[in-house]
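Me: Could you go through this one with me? I'd like to start with the overall packing and then turn to the charged pairs.

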Amino acid sequence: PDDLARKLVHGYYACVSYADAMIGRVLDELDRLDLARNTVVVLWGDHGWKLGDHGMWCKHTNFEQDTHAPLIISAPEMKARGKKTAALTEFVDIYPTLCELCGLDRPKHLEGTSMAPLLDNPDRPWKKAAFSQYPRTQTMGYSMRTDRYRYTEWRDLKNGSVKARELYDHLEDPRENTNVATNLGNRDLVDTLAKMLRD
């Protein structure tokens, strides 16, 4: 009902405002203690939360709203302080980034790509895709976000066969309301993205 939806949205916004205030207190304390000049700060959030989008609540899908999350990095020597990037990044990139920024050896088993170069040049060429996954009953949704598209395959957990596909064009449909995976004109694009996801 609308009144409950309003109450839930209000509570969500209140939570975000409170988190903002607490982050400010931590950063102020780093300044007060004169630690900001040699401290790397990484702020990342839980994955997104739907507030009625797609007729759903919470955060358990492979839609952009659920997989897009806050990620802010501040490092003492960064050249592009306060700048945003459109580069595709993932949480798996945080650990190698910290290794590089802090001069630590990177463990051999570590996955991900250090984002440190983006802190100096946020407009540089970067990853072609970011990946996520979320299960449904007897299927796993493997999703990939490129600079323009979100492509998702729903695979049977037992035999790996593709049960369904989703394709959203963020240039035409940034809210992912129209799945265009079955449009005949997108057949080659779907094949290309499917190969990219497998690779």
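Me: What share of the chain's residues count as buried?

Reply: Of the 199 residues, 31% count as buried, where buried means under 20% relative accessible area, exposed over 50% and partly exposed in between, with a 1.4 Å probe and protein chains only. This is a predicted model, in which local features need pLDDT of at least 70 and side-chain atom pairs count only at pLDDT 80 or more, while totals for chains, interfaces and linings use all residues. Residues are numbered from 1 along each chain as its sequence is written, and side-chain values use heavy atoms, with hydrogens and water left out.

Me: How many helices and strands are there?

Reply: The chain has 5 helices and 8 strands, taken as DSSP runs numbered from the N terminus (helices H or I, at least four residues; strands E, at least two). In sequence order the pattern is α-β-β-β-α-β-α-α-β-β-β-β-α, and the C-alpha trace spans about 60 × 50 × 35 Å along its principal axes.

Me: Ok, charges. How many salt bridges?

Reply: The count comes to 13 salt bridges, each being a side-chain nitrogen of Lys or Arg within 4 Å of a carboxyl oxygen of Asp or Glu. One of them joins Asp46 and Lys59, with an N to O distance of 2.2 Å. That pair links distant parts of the chain, 13 residues apart, with Asp46 in the loop between strand S1 (41-44) and strand S2 (50-51) and Lys59 in the loop between S3 and helix H2 (64-67).

Me: Are those two partners buried or exposed?

Reply: Asp46 is partly exposed, at 46% relative accessible area, whereas Lys59 is buried, at 14%.

Me: And which residue does Lys50 pair with?

Reply: Lys50 forms a salt bridge with Asp66 at 2.7 Å, N to O. Lys50 lies in strand S2 and Asp66 in helix H2, so this pair ties together parts that are 16 residues apart in sequence. Both Lys50 and Asp66 are buried. Separately, salt bridges that share partners join Glu64, Arg145, Arg150 and Glu176 into one network.

Me: Switching topic: which residues make the nonpolar surface patch?

Reply: Leu4, Leu8, Tyr12, Tyr13, Val16, Trp49 and Trp57 make a patch of about 640 Å², with areas from the Shrake-Rupley method and a 1.4 Å probe, counting for residues only the protein chains shown as cover. Patch residues have over 30% relative accessible area and no salt bridge, with like charges joined within 9 Å and nonpolar side chains (Val, Leu, Ile, Met, Phe, Trp, Tyr) within 5 Å. Helix H1 (residues 2-32) gives the largest share, 5 residues.

Me: Where is Trp57?

Reply: Trp57 sits in strand S3 (residues 57-58), and is partly exposed at 36% relative accessible area.
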